[in-house]
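Have the model open and the selection tool ready. The stops below go one at a time, each with something to pick and something to look for.

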Amino acid sequence: MPELSQETERGRGVLPFGAAEVTGPSMTPTLLHGDQLVVQYGARVRPGDVVVLRHPFQQDLLVVKRAAERREGGWWVLGDNSFAGGDSRDYGTVPEELVLGKVRFRYRPLEKGQRSPFAVARWVWSAARPVLSGRSSASRRLRAR
């Protein structure tokens, strides 16, 4: 399950936005290990949004998941990579107060070895993107196989 750096919590009192880093594969292909995130704390969450939350059983652990639907008692959250686990199928509904904010933007750092002009141009094209609600069509195609 993607764990987030604790930097997310430090800037929370000053501004409604914070930064986080993804570790783990559970949000692949939407988010990759090493992606940097911009999180808006206190934002209204709707089904399909990618959210940052406290793990229901380890509340010092921050995770990023997709809010699938609102249920009695909170949110049902799922990872985009169904094979990775670590979501509501394992720990049930997440109480509303544990959902901290919505992911607005992701940035993929330049990988080591991406030095050719073609690799740098490809990185520039795909490095920074808004994180949109709902699953992308590419992710649905990957799941259907």
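Select Asp49. Asp49 is buried, at a relative accessible area of 2%. This is a predicted model.

Keep the charged side chains on display. Side chains of opposite charge can pair when their charged atoms come close. The whole structure holds 6 salt bridges.

Go to Asp80 and Arg66. Their side chains meet in a salt bridge, at 2.8 Å from N to O. Arg66 belongs to strand 5, while Asp80 lies in the loop between strand 6 (74-78) and helix 2 (88-91), so this pair ties together parts that are 14 residues apart in sequence. Are these two residues buried or exposed? Both Asp80 and Arg66 are buried.

Next, pick Glu69 and Arg71. They form a salt bridge too, with the closest N and O atoms 2.5 Å apart. Glu69 is partly exposed, with a relative accessible area of 34%. Arg71 is partly exposed as well, with 35%.

**The whole chain**

Zoom out and switch to a cartoon. The protein chain has 4 helices and 8 strands. Along the sequence the pattern is β-α-β-β-β-β-β-α-β-α-β-α. Of its 145 residues, 42% are buried. Count the contacts with a separation of 6 or more: residues 24 or more positions apart account for 54% of them. The accessible area comes to about 8300 Å², and carbon and sulfur atoms hold 55% of it.

Hide the surface and select Leu31, Leu37, Val39, Val50, Val64 and Val103. These residues have the most contacts inside the largest nonpolar core, which has 14 residues. Colour by strand to see where the core comes from. Strand 2, strand 3, strand 4 (50-54), strand 5 (62-71) and strand 7 each supply at least two residues. Which strand gives the most? Strand 3 does, with 3 residues.

Now select Leu53, Trp75, Tyr91 and Val99. They are among the 12 residues of another core, which lies apart from the largest one.

Select residues 17-23, which make up strand 2. In a regular strand the side chains alternate between the two faces of the sheet. Here, Gly18, Ala20 and Val22 form the covered face of strand 2. Phe17, Ala19, Glu21 and Thr23 form the uncovered face.

Then follow the loop between strand 2 and strand 3 to Pro29. Most peptide bonds are trans. The bond from Thr28 to Pro29 is cis, with omega near 10°.

**A nonpolar patch on the surface**

Bring the surface back and select Phe17, Val38, Phe105 and Tyr107. Together they form a nonpolar surface patch with about 330 Å² of accessible area. Phe17 is on the uncovered face of strand 2. Tyr107 is found in strand 7 (residues 99-107), and it is partly exposed, with a relative accessible area of 34%.

Phe105 is in strand 7 as well. Phe105 is partly exposed, at 33%.

**Last stop: around Phe105**

Centre on Phe105 and show its contacts. What does Phe105 touch beyond its neighbours within four places in sequence? The contacts are Gln36, Leu37, Val38, Ala128, Arg129, Pro130 and Val131. Finish with a distance label from Phe105 to Val131. These residues are 26 apart along the chain, and their C-alpha atoms are separated by 5.1 Å.

Terms used
Residues numbered from 1 in each chain as written. Predicted model: local features only at pLDDT ≥ 70, side-chain atom pairs only at ≥ 80, totals over all residues. Heavy atoms only, no water. Buried < 20%, exposed > 50% of the residue type's maximum accessible area, 1.4 Å probe, protein only. Contact = heavy atoms within 4.5 Å. Areas by Shrake-Rupley, 256 points an atom, 1.4 Å probe, with all protein chains shown as cover. Patch = residues over 30% accessible without salt bridge, like charges linked within 9 Å, V, L, I, M, F, W, Y side chains within 5 Å. Salt bridge = Lys/Arg side-chain N within 4 Å of Asp/Glu carboxyl O. Core = buried A, V, L, I, M, F, W, Y, C linked by side-chain atoms within 4.5 Å.
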